[in-house]
Amino acid sequence: MPHRYDGQSMRERLQETLSVHRNELVSLFTGRPNAEFQHFSLLSKCKDLEGRQKAQSGGFLKLFPSPFPLRKWYVAQGKGILQRHHLIDEMDKVVGKDEGMQKLKDSPFSKILKSAQEAIVLPPFVAIAIRPRPGVWEYIRVNVYELSVDQLTVSEYLQFKEELVDGEINGSYVLELDFEPFNATFPRPTRSSSIGNGVQFLNRHLSSIMFRNKESLEPLLDFLRAHKHDGHVMMLNDRIQNISRLQSALARAEEFLSKLPPLTPYSDFEFDLQGMGFERGWGDTAQSISEMVHLLLEILQAPDPSTLETFLGRIPMVFNVVIVSPHGYFGQANVLGLPDTGGQIVYILDQVRALENEMLLRIQKQGLDVIPKILIVTRLIPDAKGTTCNQRLERISGTEHTHILRVPFRTEKGILRKWISRFDVWPYLETFAEDASNEIAAELQGVPDLIIGNYSDGNLVASLLSYKLGITQCNIAHALEKTKYPESDIYWRKFEDKYHFSSQFTADLIAMNNADFIITSTYQEIAGSKTNVGQYESHTAFTLPGLYRVVHGIDVFDPKFNIVSPGADMSIYFSYSENERRLTALHDSIESLLYDPEQNDDHIGMLSDRSKPIIFSMARLDRVKNITGLVECFGKSSKLRELVNLVVVAGYIDVTKSRDREETKEIEKMHDLIKKYNLHGQFRWIPAQMNRARNGELYRYIADTKGAFVQPAVYEAFGLTVVEAMTCGLPTFATCHGGPAEIIDDGLSGFHIDPYHPDQVATLLIDFFERCQKDPGYWDEISNGGLQRIYERYTWKIYTERLLTLAGVYGFWKHVSKLERRETRRYLEMFYILKLKDLAKSIPLAVDEQ
């Protein structure tokens with residue numbers, strides 16, 4: 001349904017603007033009316049895109065040059081898609097100081113343009129995708145001959161967009177994916193501010209259903225009576241058959257427990273409770289069991305969302321967890337910085353340590369003697385390059401019951417021995433899932449209670465396993481590639497040989513829609529911001545011309561979405577001011593790393609003036625992380641170079657050591673930048689560092705110089721290094737595109753930077769360091785602001801408590817609503833078999849070197 005402002009749709013508002021500002025819009029869309037209309041007339045005679053492009057680059061354009069910058073931008077450069085920043089920047093150029101055009105800028109049209117995310121230009125039409133607020137879209141098309149406006153459906157807009165690629169519409173019968181009908185009766189919030197709070201919405205919905213009548217409470221009773229682990233009954237036994245018996249038994253138990261000392265252990269009165277109908281799982285002491293009994297009585301009498309969530313979070317439901325992360329070198333040592341091996345590995349290792357602790361604590365409080373198990377399922381790589389990635393089973397240090405379980409990639413020709421890129425894994429994943437299922441069953445002697453996928457490949461494997469085993473599935477994207485590579489959908493063929501995005505985007509759609517719940521680190525990951533589209537939101541509607549068209553892919557209002565932010569390992573990352581905890585024994589090696597004048601594979605570049613603060617950055621060396629962009633920004637600013645030194649930790653220095661296609665380009669670019677800007681004396685490049693303890697102290701050492709951390713990524717889903725740096729008290733400047741925009745409260749706990757405007761980044765850094773020179777207390781102010789932000793929001797304790805509560809709520813919701821999403825899953829099964837399997841088979845298999 002079209003979004004409405006003051007009772008008007010976008011189409012009506014734009015049509016009104018066209019009526020009031022006709023001349024200005026003629027100038028804006030067509031330059032000088034007469035000349036440009038002739039220009040359009042000639043172009044419109046070309047029936048396909050190729051003809052139009054020839055006209056734009058050939059004689060037509062020479063006869064009728066576009067007089068206005070915007071029109072020149074639209075036509076002369078032959079661009080078919082204009083992104084949001086292009087639309088706004090070019091309008092600002094056109095308006096300039098022209099008073100008549102200024103009226104247009106002050107009109108409703110300007111507001112519409114600011115809501116536009118992209119425009120498709122196929123003269124004489126301009127189709128615009130408008131996003132009035134996160135998660136809400138509307139599509140219109142302007143005829144610049146007639147200055148008329150049409151409302152478009154999603155399908156019509158995508159069909160129009162496909163003309164850019166094919167030069168003609170593909171006909172009426174194109175495979176369209178539409179998941180909306182399956183979710184039409186499914187409850188969901190409507191306000192953009194509610195996105196990412198799915199469990200709160202579900203609890204409100206469930207509570208309202210339960211409040212209707214006693215019959216509505218029966219599913220809760222069934223859920224508690226069906227609760228078992230390893231064949232042992234938990235929570236309720238056969239003495240309680242209906243809601244009335246449950247209420248009376250709870251009242252008796254409450255009275256019985258009130259007479260016991262609060263810390264009386266469960267074992268002292270276990271048989272008394274069994275006689276009333278209660279089994280293990282309610283608690284470990286009289287007090288904790290009494291609290292659970294009281295919560296359930298409240299739910300039965302007057303259901304309340306927060307009470308329901310608390311109760312469900314305490315029910316023993318999760319004992320065995322499988323976490324899937326196939327790609328990269330998954331190990332505990334000597335892996336960070338290897339291809340496809342970075343923040344996701346750190347995230348999972350920190351996650352499972354905290355998760356095991358929380359599971360043990362909960363199981364103890366539930367009065368159970370169950371031993372939990374966590375398995376991280378990843379790929380076994382025989383050619384392990386000095387890592388442990390060729391070992392089948394490896395216990396995670398700092399845990400008792402958590403292991404890495406490695407399963408090889410296998411084909412009919414045998415086991416693949418070498419590492420392969422995350423973009424090339426798709427042909428192997430179905431067999432990997434089958435093999436992993438057998439290995440998991442052998443290790444757990446049963447099935448897991450929860451499976452958590454990571455990234456596109458892990459989420460697909462988790463989908464295959466959850467479908468087969470009938471278990472609750474949680475997805476964590478970390479990063480969806482579609483937002484990182486603009487136009488990678490419409491021009492997917494251009495990317496296919498290198499990235500195989502057709503397989504990845506198809507897998508993403510399947511996994512998103514198959515998951516029971518999805519956790520993200522930030523709101524931006526789901527639905528972006530007022531001006532930027534979220535990672536998941538970008539999968540709402542898109543097209544892969546010639547393959548299929550997605551008219552409703554994922555709904556960001558779906559209550560399966562929940563924001564659960566991770567933290568940093570606080571045994572490694574802590575404030576520079578905690579002197580008694582500092583690893584001073586590492587300072588000599590850190591000094592050598594930063595200042596040793598020898599040029600070798602461990603460091604190149606020199607820092608001549610050791611008194612200057614250090615700007616520090618650490619990331620994988622790829623295009624999206626944009627480390628070379630930061631180096632160029634530094635190189636171009638003589639003032640910034642006067643004030644500070646720059647140190648980056650990224651990738652390899654020697655290009656021959658890298659096997660990653662993107663990394664090799666960035667290595668070569670880095671060497672070129674060092675020469676181009678003569679950075680010797682002000683810049684240090686250190687290859688990726690594997691020692692996390694030393695990395696933690698390196699952050700703190702940089703803080704000692706009163707430096708800053710800069711995260712310059714073009715897009716960052718979360719920003720674990722941002723959290724690490726802030727946890728160490730290092731003032732942080734991070735990209736405004738993605739998660740860091742939420743982690744940092746701009747100007748208070750750090751600063752937002754826009755990597756697309758490097759001059760502004762340099763100015764912001766210069767202003768910060770100049771202010772710190774005049775007022776040293778300002779550096780402390782930002783440092784302390786960052787630390788406070790971390791302690792309030794970004795800890796693993798908060799994360800694991802929330803994750804296990806979500807698993808309980810969604811497990812309950814799945815049971816009581818009979819919500820197996822069976823129709824959706826049959827649809828997904830067909831999509832997987834008819835599309836993804838063939839796409840994956842089309843990817844060449846890797847060949848081991850002999």
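Predicted model: local features only at pLDDT ≥ 70, side-chain atom pairs only at ≥ 80, totals over all residues.
Local features need pLDDT of at least 70, side-chain atom pairs count only at pLDDT 80 or more, and totals for chains, interfaces and linings use all residues. Residues are numbered from 1 along each chain as its sequence is written, and side-chain values use heavy atoms, without hydrogens and water.

**View 1. Helix H12 (residues 198–210) against helix H17 (residues 305–314).** The two axes, lines fitted to C-alpha atoms over the stretch in contact, come within 8 Å and cross at roughly 105°. H12 is therefore roughly perpendicular to H17 (65 to 115 degrees, on a scale from 0 to 180 between N-to-C directions). Contacts (heavy atoms within 4.5 Å) involve Val199, Asn203, Arg204, Leu206, Ser207 and Met210 of H12, and Pro305, Leu308, Glu309 and Leu312 of H17.

**View 2. The pairing of strands S19 and S22.** Strand S19 (residues 517–520) runs parallel to S22 and is joined to it by three bridges; strands pair if DSSP finds at least two bridges between them. Ile519 lies opposite Asn562 of S22.

**View 3. The aromatic pair Phe423 and Phe501.** Ring centres of an aromatic pair lie within 6.5 Å. Here the centres are 6.0 Å apart and the planes stand at 85°, an edge-to-face arrangement (over 60 degrees). Phe423 belongs to the loop between strand S16 (414–415) and helix H19 (429–444), whereas Phe501 is in helix H23 (residues 501–514), 78 residues apart. Phe423 is buried (under 20% relative accessible area) at 5%, and Phe501 is buried at 0%.

Notes:
Helix = DSSP H or I, 4+ residues; strand = E, 2+ residues; numbered from the N terminus. Parallel < 35°, antiparallel > 145°, perpendicular 65-115°, else oblique. Phe/Tyr/Trp six-rings, centres within 6.5 Å; stacked < 30°, edge-to-face > 60°. Buried < 20%, exposed > 50% of the residue type's maximum accessible area, 1.4 Å probe, protein only.
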